[in-house]
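Subject: Handing over the model, with notes

Hi there,

Here is the structure I said I would pass on to you. Please have a look at it first, and then read my notes below.

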Amino acid sequence: MRKLALTLSLLVAVITSMASAQIMTPVKWSAKVDMTGDDEGKVVLTASISPGWHMYSLDCDPSAGPQILEITYPKLDGVTLEGKPTPDKASHKQYDDMFGAELSWWTQGVTITQKFKAVKPEFNIDVMVVCSACNDENCIPPSRSTFNLSGTAKISAPAAKAEAKAEEPKAAEQNIEEVVAGVAEVMEADSAATAAAADSVAPALSPAGTADLWAPVSFSDSEEAEDFSTTSLWYIFFTCFLGGLVALFTPCVWPMIPMTVSFFLKKGKDRTKSIADACTYGLSIIVIYVALGLLITGIFGASSLNALSTSAVCNIIFFLLLVVFAISFFGAFEIKLPASWSNKMDATAEKTTGLLSIFFMAFTLTLVSFSCTGPIIGTLLVEAASQGDLWGPAIGMLGFSTALALPFMLFAMFPTMLQAAPSSGGWMNTLKVVLGFVELALSLKFLSVADLAYGWHILDREVFLALWIVMFLLLGLYLLGQFNFAHYGKADSSVGVVRFFLALCSLSFTIYLVPGLWGAPLKGVSAFVPPLFTQDLNLYGDGFKEYDDYEEGMKVAREAGKPVLVDFSGFGCVNCRKMEGAVLDEPNVKAMIEDNFTVIKLMVDEKKNLPQPITVKEYGKDVTLYTYGDRWSYLQRYKFNANAQPYYIVLGDDGQLLSGPYTYDENIARFTDFLEKGIKGYKQAK
């Protein structure tokens, strides 16, 4: 039992480390205005820093490496700043070996004040804070917080007029300097990361006179979006768990279950020890597969995993990989690891004893069963990695291996269940062929992503559906015994009950797909098939007009006198297709959008090149935008401080926030409320 406890503790440590690797916000900011006199006041910024973390201070050397604290004021209406920001405590200074420089930082928290003088009875202040924090193990990327502050001051009319006149020469001088010096003057004034973006990046990205449309918006606490995304780690876990259950019934795994369990039960007289060994065996399988998932994550990294979802090269590789897996399941060849590997593991298991011996036995099973489980594992890893989540492959392998290991532990605990388990036979070959058809159908999804992102139009919606219709029709005929692949012998004319019902499902699904050739929405498969706008023949009516350019859509909205529904989407976004099929194409929602909104749909993974590359400043670094997808992704990050899709938001025709944000949630009532709030806000603003 000690061995079992040790293995369990190792597994818990792995799972805990993965579960804790979510988005961290060790620094939280709040802001307020305190008036210290009739026309004098101060902006009070308070940072709360989590235990064990430190935030780099204002007086760090920017060239040393970490992102220093930067406080900028994109908009000052009715006030002038006096002096520099003042912290309530001195920063800690220390030489940092990692960056090779003396750095200064705060721990626990700090309050920073900025004095100002009001020149109008009513004033507004926009504050933007960019900071970075580290602990002993890692650092978070620079984060941005924005606040909109307002207040009133006691200023007499003559005094206010005099102050305004006094400010006119300064304002004129500042405008001249901005025209001549551009971004350089702003960087010298305060911030290289955010103020430069506000004063020069937005005009560079948008036509003359429309820079205000790019101004960042500020969300209140009640407007924070909830994420109901099914591409969460739980979704990946359960999807791969189902894949592990399927792998159990393959010819390489199923016959091993009674043999292995019997070995452990007969190994010793102590049944408790035998059960513990069998459980350790199952947990060893889990550890091996989780390690494989961690290895995939370590090789590719977070940024590469995110890029997989839209990269044409990666998606084509995934397409070809799944086609190869399907051909393998059809019996053309077997995917095998070198026999010497399994022989070496088997010999090592015989030489060792105790916990290590059981671990090597589990490793041997993993290698021996690879010819059947390899294509399933490959498919699941491809799907998990393409979701872009850093821990997706590891969590996926945890789900897969848990399903694979459960029978070994359950049958060891309840040996009588082995008698009721079905014996291996020809039904396993049938399962492999069915999996081959499924993988062949799934492969088209990856080819479709590359086709959409690059605009090749080789796999439009009707072509995609035609291929699926043929595939699932052939699958139904195979299950009814109408043909067989040469590797598995002649077709069996007798059809069992299970095969009959599987054939019934496949043929029914084929009939369900047929209306899609003429434009039927097919909500059940909307996440996989290409969107409706790629359909040449649509007898079900066109959707609402969508503009693919932000400024053009805003111009149309002003002329039409309508609010704007901005939809940040992506060709490779599964949840975007789900939202379109389940919510946006719902008749009542569709009518509400058509009657009340101008719709702007921006694809963040569009690969069409900009007329010329644009270089912007983001978190103090130069970022070059090459494609329209880069431009729309930057707009989402810069204006809304978000980078997930789908992402819906309602704006006025001046670019101001009216409602949202709204992310993936197929609740039609919630989405309708989100739209109604935008309509009401637009009417009130007018």
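First, the ground rules. This is a predicted model, so local features need pLDDT of at least 70 and side-chain atom pairs count only at pLDDT 80 or more, while totals for chains, interfaces and linings use all residues. Residues are numbered from 1 along each chain as its sequence is written, and side-chain values use heavy atoms, with hydrogens and water left out.

**The cores**

The largest nonpolar core has 33 residues, and Tyr281, Ile285, Tyr289, Phe400 and Leu404 are the ones that touch the most other members. By nonpolar core I mean a set of buried Ala, Val, Leu, Ile, Met, Phe, Trp, Tyr and Cys residues joined through side-chain atoms within 4.5 Å. Buried stands for under 20% relative accessible area, exposed for over 50%, and partly exposed for anything in between (1.4 Å probe, protein chains only). At least two residues of this core come from each of helices H5 (233-248), H7 (271-308), H10 (354-368), H11 (370-386) and H12 (392-413). Helices (H or I, at least four residues) and strands (E, at least two) are DSSP runs, numbered from the N terminus. Another core, of 32 residues, lies apart from that one and includes Leu322, Leu465, Phe472 and Tyr478.

Not counting residues up to four places away in sequence, Ile285 touches Ala362, Leu365, Ser401, Leu404, Ala405 and Phe408; contact here means heavy atoms within 4.5 Å. Ser401, in helix H12, counts as buried at 0% relative accessibility. With neighbours within four places in sequence set aside, the contacts of Ser401 are Ile285, Ile286, Tyr289 and Val290.

Val253 sits in the loop between H5 and helix H6 (256-267) and is buried as well, at 2% relative accessibility. Beyond its neighbours within four places in sequence, Val253 is in contact with Ala247, Leu248, Ser369, Thr373 and Leu404. Val253 and Thr373 are 120 residues apart in sequence, yet 8.2 Å apart in space from C-alpha to C-alpha.

**The aromatic rings**

There are 28 aromatic pairs in the structure. Rings of Phe, Tyr and Trp (its six-membered ring) pair if their centres lie within 6.5 Å; planes under 30 degrees apart count as stacked, over 60 as edge-to-face and the rest as tilted. Phe330 and Phe485 make a stacked pair, because their ring centres are 4.6 Å apart and their planes are at 10 degrees. This pair links distant parts of the chain, 155 residues apart: Phe330 is in the loop between helix H8 (312-329) and helix H9 (339-351), and Phe485 in the loop between helix H15 (461-479) and helix H16 (497-513). Phe330 is buried at 13% relative accessibility, whereas Phe485 is partly exposed at 22%.

The charged end of Arg499 sits over the ring of Tyr478, 5.3 Å from its centre, and Lys445 lies over the face of Phe446, at 4.5 Å from the ring centre. The cut-offs here are NZ of Lys or CZ of Arg within 6 Å of the ring centre and within 35 degrees of the ring normal.

**The backbone**

Most residues other than glycine have a negative phi, and most peptide bonds are trans. Gln108 has a positive phi, near 70 degrees; Gln108 is in the loop between strand S7 (101-107) and strand S8 (109-118) and is exposed at 68% relative accessibility. His457 also has a positive phi, of about 60 degrees. His457 is in the loop between H14 and H15 and counts as exposed, at 55% relative accessibility. The peptide bond from Gly660 to Pro661 is cis, with omega near 5 degrees, and Pro661 is found in strand S18 (residues 657-662).
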